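Please read it alongside the sequence and coordinates shown here.

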Amino acid sequence: MRVIAGKYRSRPLRSLRGMDIRPTSDRLRETLFDVLTAGNPSALEGSVWLDLFAGTGAVGIEALSRGAKLVCFVESSAAAANLIRQNLESLDLRSGFKLYQEALPRAFWRMAREHVAADVVFVDPPYRMKEAYRETLRGLAESPVVWAMSMVIAEHEKKFDPGEEFGPLRRFRRLIQGDAALSFYRMASAGDVRERPAFR
């Protein structure tokens with residue numbers, strides 16, 4: 001596993017065997033960031049990210065490599081949170097991130113108190129945790145950390161559908177690659193989500 005592009009391009013990242021960690025594959029991660037940048041390598045400059053069920057931290061680290069201003073990693077597992085710290089340290093990353101080693105409801109509350117407003121939220125629980133998708137997407141729809149221009153992306157199995165809408169949070173795109181899929185959501189109250197660009 002490696003960083004694909006940006007400041008830390010080709011740098012290796014660690015994972016852990018025997019844990020309930022399924023890192024987003026390099027190929028799917030590359031597809032995700034190709035969609036978000038849409039041919040503009042500087043599209044993510046200054047963006048704020050939430051990497052939920054962060055695991056190895058690979059997605060959030062990729063965002064930092066490509067110019068994100070802040071990434072909030074949320075990971076309840078102590079072993080996985082320690083792995084994220086190791087991966088950050090291996091790249092000599094000392095700032096531009098926060099690590100919340102706690103469950104999501106508490107992390108959402110803390111981020112709201114800290115006035116975090118996310119441009120991109122990546123949701124990637126273990127595939128077997130079907131209900132975690134719905135609980136997380138419902139929680140995001142009700143949280144002030146997601147605002148009118150936020151994009152929420154859930155990685156899931158191709159054969160599983162996390163849902164079309166959660167209150168004002170509506171899916172506008174589904175992208176399939178191999179056995180995995182990405183579902184893209186936005187807050188519908190901001191207008192027709194299909195017509196708006198990815199970022200401000």
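The text below takes confidence, then the hairpins, then the salt bridges.

This is a predicted model, in which local features need pLDDT of at least 70 and side-chain atom pairs count only at pLDDT 80 or more, while totals for chains, interfaces and linings use all residues. Residues are numbered from 1 along each chain as its sequence is written, and side-chain values use heavy atoms, with hydrogens and water left out.

**Confidence.** pLDDT is the predictor's confidence in each residue, from 0 to 100. Its mean over the protein chain is 91, and 91% of the residues reach 70 or more. Residues 190-198 stay under 50, and the model gives them 17 contacts beyond four places in sequence; contact means heavy atoms within 4.5 Å. Where pLDDT is low, the predicted coordinates should not be read in detail.

Strands are DSSP runs of E with at least two residues, and helices are runs of H or I with at least four, both numbered from the N terminus. Two strands pair if DSSP finds at least two bridges between them. Strand 6 (residues 165-166) runs antiparallel to strand 7 (residues 169-177), joined by 2 bridges, and Phe166 stands opposite Leu169. Gly167, in this hairpin with 2 residues between the strands, has a positive phi near 60°. Strand 7 is also antiparallel to strand 8 (residues 180-187), with 8 bridges, and Leu169 stands opposite Met187 there. That hairpin too has 2 residues between its strands, and Gly178 in the turn takes a positive phi of about 60°.

**Charged side chains.** A salt bridge is a side-chain nitrogen of Lys or Arg within 4 Å of a carboxyl oxygen of Asp or Glu. The structure holds 15 of them, including these:

| Glu102 | Arg106 | 4.0 Å |

Buried means under 20% relative accessible area, exposed over 50% and partly exposed in between (1.4 Å probe, protein chains only). Arg171 is buried at 13%, whereas Asp161 is partly exposed at 37%.

Glu102 sits in the loop between strand 3 (97-100) and helix 4 (104-113). Glu102 is buried at 15%, while Arg106 is partly exposed at 45%. The side chains of Glu102 and Arg110 also make a polar contact of 3.1 Å (a pair of N or O atoms within 3.5 Å; within protein, one must be able to donate a hydrogen and the other to accept it, and residues adjacent in sequence count only if both atoms are side-chain atoms).
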